[in-house]
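The sequence and structure come first.

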Amino acid sequence: MPDVAISADGLVKCFGSVEALRGISFHVDTGTVLGLLGPNGAGKTTAVRILTTLLHADRGEARVLGVDVAAEPARVRGIIGLAGQYAAIDENLTARENLRLVGRLTHLPYRQTRARGDELLERFELTDAADRLARTFSGGMRRRLDLAAALVHNPPVLFLDEPTSGLDPYGRTELWRVIEELVDGGTTLLLTTQYLEEADRLANNIVVIDHGQIIAEGTSAELKAQLGATVIEVGFATNQAAAAAASRLAPIGSVDVDGQELRMNVANGASAMLETVRALDADHLEPVTMVLREPTLDDVFLSLTGHAAEEEAADDAAAAAPRRRGR
Amino acid sequence: MSAATVAAPAAPPRPRTHAVADAVTVAWRNVLTVRRNPRLLVFATVQPIVFVLMFRYVFGGAIKVPGVPYVDFLMPGVFVQTVTFGSLQTGIGLADDLQKGLIDRFRSLPMARSAVLVGRTLADLLRNVFVVLLMCAMGFLVGWSVHTNVIAMIAGLGLVLAFAYSLSWIFAIVGLSSPDSETAQAASFPVLAPLVFASSAFVPVNTMPGWLQAFARNQPVSVVVNAVRALTLGGPTSSAVLKAIAWIVAIVAVCAPLAVARYRRVV
């Protein structure tokens with residue numbers, strides 16, 4: 001198997017006048033996980049749809065295990081698994097039948113289809129629900145079944161487009177556990193997500209995209225080093241107090257002030273918090289609120305681009321989203 | 001990360017095409033779906049029964065057709081009308097699959113490109129076989145009689161089914177072009193209603209105003225109804241049947257390639 005499992009080279013895609021991808025390049029080494037991180041409309045789904053042969057790029061080249069997705073899409077389909085943003089399962093079939101459907105369509109021998117289905121149901125903790133219609137399933141169960149369906153033909157390369165969006169925290173943790181097991185088994189994975197926490201937990205490398213362009217890439221540790229691992233937010237009663245505090249706190253971490261609110265990216269949260277409290281106390285600056293938290297995608301974007309990761313109507317919306325509604 | 005050079009891989013095998021097997025698999029899935037979905041099952045069974053009873057007893061007394069009992073004139077019209085409206089299901093089903101992301105899954109699998117559409121239309125054909133047999137039984141119960149012979153009647157029913165199959169391809173295109181099943185349904189009805197009602201299905205065309213007659217005489221629903229009538233009431237059949245076959249072949253020849261092209265490009 002080649003060292004590089006997935007490669008994208010200068011991918012460009014426009015929908016009418018909207019430039020969804022403006023020339024993005026990345027690669028994923030065999031057996032590793034790449035997290036494609038970005039807000040809604042950044043171009044994540046478009047990139048996945050091109051790599052999985054669902055969409056043609058206007059320019060650029062994409063390969064999976066060395067096979068050109070535009071030139072030989074049929075070969076690519078035999079080696080990839082895809083689970084999209086919405087669970088693509090047939091609600092009127094049982095879990096077992098859904099897996100059998102995919103097994104037959106990927107031309108596994110009959111016995112193997114059955115055995116593989118049972119194995120996946122077991123692994124995704126769906127054995128008890130195997131003969132229930134999928135329309136009775138919870139959101140988490142649907143996603144697990146969808147992921148199982150993507151794995152029936154045992155693809156060496158897997159694409160997951162926002163696998164946990166819309167799930168409750170329990171469902172999310174469950175799905176993460178399953179994905180981690182897959183990766184331990186040697187599957188190469190490209191995962192898109194809006195959640196920094198998710199990319200952090202699952203991905204070896206992270207590519208941050210915004211407006212169809214790559215704005216940062218590296219390991220989670222590298223991105224955090226660039227960003228500061230923790231965020232401290234302090235609110236004051238007046239703008240003057242916030243400004244005074246900003247100059248006082250500047251030695252502790254990088255400080256942004258927005259009116260009465262003050263934000264700091266710091267490397268070591270607990271000790272920075274302690275220093276902050278001491279410094280404010282020494283100057284008799286009394287905060288109204290004070291929060292210590294993990295950085296979010298918004299913080300990444302604020303620090304990388306200077307704008308928040310706001311929702312935008314463009315790109316992915318134009319690409320795919322409007323014909324499907326989440327359930 | 002710039003352009004990554006990729007070594008020539010241990011080439012994944014070039015897939016064989018499995019067009020027939022894949023279509024049968026998709027058809028199996030669609031038949032199961034109808035069985036599991038009470039709404040579809042009701043649509044497939046109750047509606048044909050209601051139509052036969054309604055036209056027989058509500059309109060049957062009001063409409064007089066010279067030379068034949070109205071029920072014998074009516075039944076071919078009810079057959080064609082029912083399968084024509086039923087062909088909407090092809091579009092509704094595809095729009096639904098598209099909306100739920102199932103079409104994306106199918107398109108990402110190493111299966112034949114034609115299979116989703118062929119499987120869908122085959123399943124709908126099967127449903128129509130069931131519907132037509134049910135209507136036959138109902139028809140016989142309310143006094144329908146075939147004036148020719150069993151072979152001509154079977155040929156007539158075959159024509160009804162072939163026509164329904166050709167219409168499925170029209171609505172496959174509609175379904176693949178609609179954002180959801182409600183839109184597919186709403187977009188189809190204004191086309192279907194004039195085809196079914198401005199036709200010879202329920203009343204003789206010569207009772208209509210002159211400007212409508214030219215359309216009503218030659219449009220496919222009338223042509224197929226006339227052919228089935230010829231096959232069940234007797235009289236000259238060959239020209240009516242050939243015209244019907246020409247319509248059916250033309251619709252499939254034009255719409256099936258368009259539908260498959262639409263499926264390939266759908267986003």
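1. Two residues are taken to be in contact if their C-beta atoms, placed from the backbone, lie within 7 Å. On that basis, Val64(A) touches Ala5(A), Ile6(A), Leu51(A), Val69(A), Val76(A), Ile79(A), Ile80(A) and Val157(A), with residues up to four places away in sequence not counted.

2. Basis of the note. This is a predicted model, in which local features need pLDDT of at least 70 and side-chain atom pairs count only at pLDDT 80 or more, while totals for chains, interfaces and linings use all residues. Residues are numbered from 1 along each chain as its sequence is written, and chains are lettered from A and ligands numbered from 1 in the order in which they are written.

3. Chain A overall. Chain A is divided into domain 1 (4–219) and domain 2 (229–294), with bounds that come from an automatic or database domain assignment. The C-alpha centres of these two domains are 41 Å apart. The C-alpha trace of chain A spans about 75 × 45 × 35 Å along its principal axes. Its secondary structure comprises 12 helices and 14 strands; helices (H or I, at least four residues) and strands (E, at least two) are DSSP runs numbered from the N terminus.

4. Burial and contacts. A residue is buried if 20 or more other C-beta atoms lie within 10 Å of its own, exposed if 12 or fewer, and partly exposed in between. Of the 327 residues of chain A, 48% are buried. Among contacts in chain A between residues at least 6 apart in sequence, 69% join residues at least 24 apart.

5. Nonpolar cores. A nonpolar core is a set of buried Ala, Val, Leu, Ile, Met, Phe, Trp, Tyr and Cys residues joined through C-beta atoms within 7 Å. The largest has 145 residues, and those with the most contacts inside it include Leu51(A), Val64(A), Val160(B) and Phe163(B). Helix 7 (residues 150–176) of chain B gives the most to this core, with 15 residues. A second, separate core of 15 residues includes Val234(A), Phe236(A), Leu249(A) and Ala272(A).

6. The four-stranded sheet. Two strands pair if DSSP finds at least two bridges between them. An open sheet of four strands in chain A has the order 12-13-11-14, with antiparallel pairing. Strand 12 (254–258) and strand 14 (289–293) of chain A are its edges, each pairing on one side only. Neighbouring strands are turned by 15° against each other on average, direction ignored.

7. Strand 11 in that sheet. Strand 11 (residues 230–235) of chain A is joined to strand 14 of chain A by five bridges, and to strand 13 of chain A by six bridges. Val231(A) stands opposite Arg293(A) in strand 14, and its bridge partner in strand 13 is Asn265(A). Val234(A) stands opposite Met290(A) in strand 14 of chain A.

8. A hairpin in chain A. Strand 9 (residues 205–210) and strand 10 (residues 213–218) of chain A pair in the antiparallel sense over five bridges, with Ile206(A) opposite Gly218(A). Two residues lie between the strands, and His211(A) takes a positive phi near 50°.

9. Helix 1 of chain B. The expected span of a helix is 1.5 Å times one less than its number of residues. For the 18 residues of helix 1 (residues 19–36) of chain B this gives 26 Å, which agrees with the 26 Å between its end C-alpha atoms. Its buried residues include Asp22(B), Val26(B), Arg29(B) and Val34(B). Among the elements covering the buried residues of helix 1 of chain B are helix 3 (95–105) of chain A and helix 6 (115–141) of chain B.

Conventions:
Axes are lines fitted to C-alpha atoms, for helices over the stretch in contact, and angles run from 0 to 180 degrees between N-to-C directions.
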